[in-house]
Amino acid sequence: VSADAEYTLGRFEFQGATAWEHIDGARAIGNGTAEGIFGFYVVGGYHFWPDAWKTGRLANADSVAFVRYDLFDTQHNMPSGIAADETLDRSEWTFGVNFYPVPNLVVKADYQVRRDSAGSDLDQLINLGIGWEF
């Protein structure tokens, strides 16, 4: 079962999704397979590229600053008698910027703060990327 939503208000945009999955026969599969998996994310973004800069080759350019929160638990509901691994119940905060020189090309940079329910010291990440749609 899953659901997602998007909403735009002027230069602000909001997105979110949630999903829950039930796995029949998880005990028979073994290897720590959960009967239920759950997760969601929410994102808020602000389009800050000034209209005055939208000229020439950058006529269709845009830039978005965003913050995203993810929570995912791949052992949300375990078969009776089997303990969940708390390191697989994670959350992440991501802070980033997307630059679109043209609508179908993005250059991305973000910083992630990651945690799990076991209190493990997870690495903080800096991510750089390029994406395109064709």
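Here is a walk through the charged and aromatic side-chain contacts of this structure. Keep in mind that the model is predicted.

Let's start with the charges. Side chains of opposite charge can pair when their charged atoms come close. In this model the count of salt bridges comes to three. One of them joins Asp51 to Arg11, with 3.5 Å between the closest N and O atoms. That pair links distant parts of the chain, 40 residues apart: Arg11 sits in the loop between strand E1 (2-9) and strand E2 (12-22), while Asp51 sits in the loop between strand E3 (36-47) and strand E4 (62-77). Asp51 has a relative accessibility of 53%, so it counts as exposed, since the cut-off for that class is over 50%. Arg11, at 32%, is partly exposed.

Lys54 is partly exposed, with a relative accessible area of 30%.

Now look at Arg68, which forms a salt bridge with Asp70; here the closest N and O atoms are 2.9 Å apart. Arg68 is partly exposed at 28%, whereas Asp70 is buried at 9%. As for shared partners, salt bridges join Arg11, Asp51 and Lys54 into one network.

Arg68 also leads us over to the rings: its charged end sits over the ring of Tyr41, 4.0 Å from the ring centre.

What about rings with rings? A pair of aromatic rings is described by the distance of the centres and the angle of the planes. Searching the whole structure turns up eight aromatic pairs. Among them is Phe12 with Phe14, a stacked pair with 6.5 Å centre to centre and 10 degrees between the planes. Both residues are partly exposed, Phe12 at 42% and Phe14 at 39%.

Tyr69 and Trp93 make a tilted pair, because their planes stand at 50 degrees, with the ring centres 4.8 Å apart. Tyr69 belongs to strand E4 and Trp93 to strand E5 (residues 89-102), so this pair ties together parts that are 24 residues apart in sequence. Tyr69 is buried, with a relative accessible area of 19%; the cut-off is under 20%. Trp93, at 43%, is partly exposed.

Notes
Residues numbered from 1 in each chain as written. Predicted model: local features only at pLDDT ≥ 70, side-chain atom pairs only at ≥ 80, totals over all residues. Heavy atoms only, no water. Salt bridge = Lys/Arg side-chain N within 4 Å of Asp/Glu carboxyl O. Helix = DSSP H or I, 4+ residues; strand = E, 2+ residues; numbered from the N terminus. Buried < 20%, exposed > 50% of the residue type's maximum accessible area, 1.4 Å probe, protein only. Phe/Tyr/Trp six-rings, centres within 6.5 Å; stacked < 30°, edge-to-face > 60°. Lys NZ or Arg CZ within 6 Å of the ring centre and 35° of its normal.
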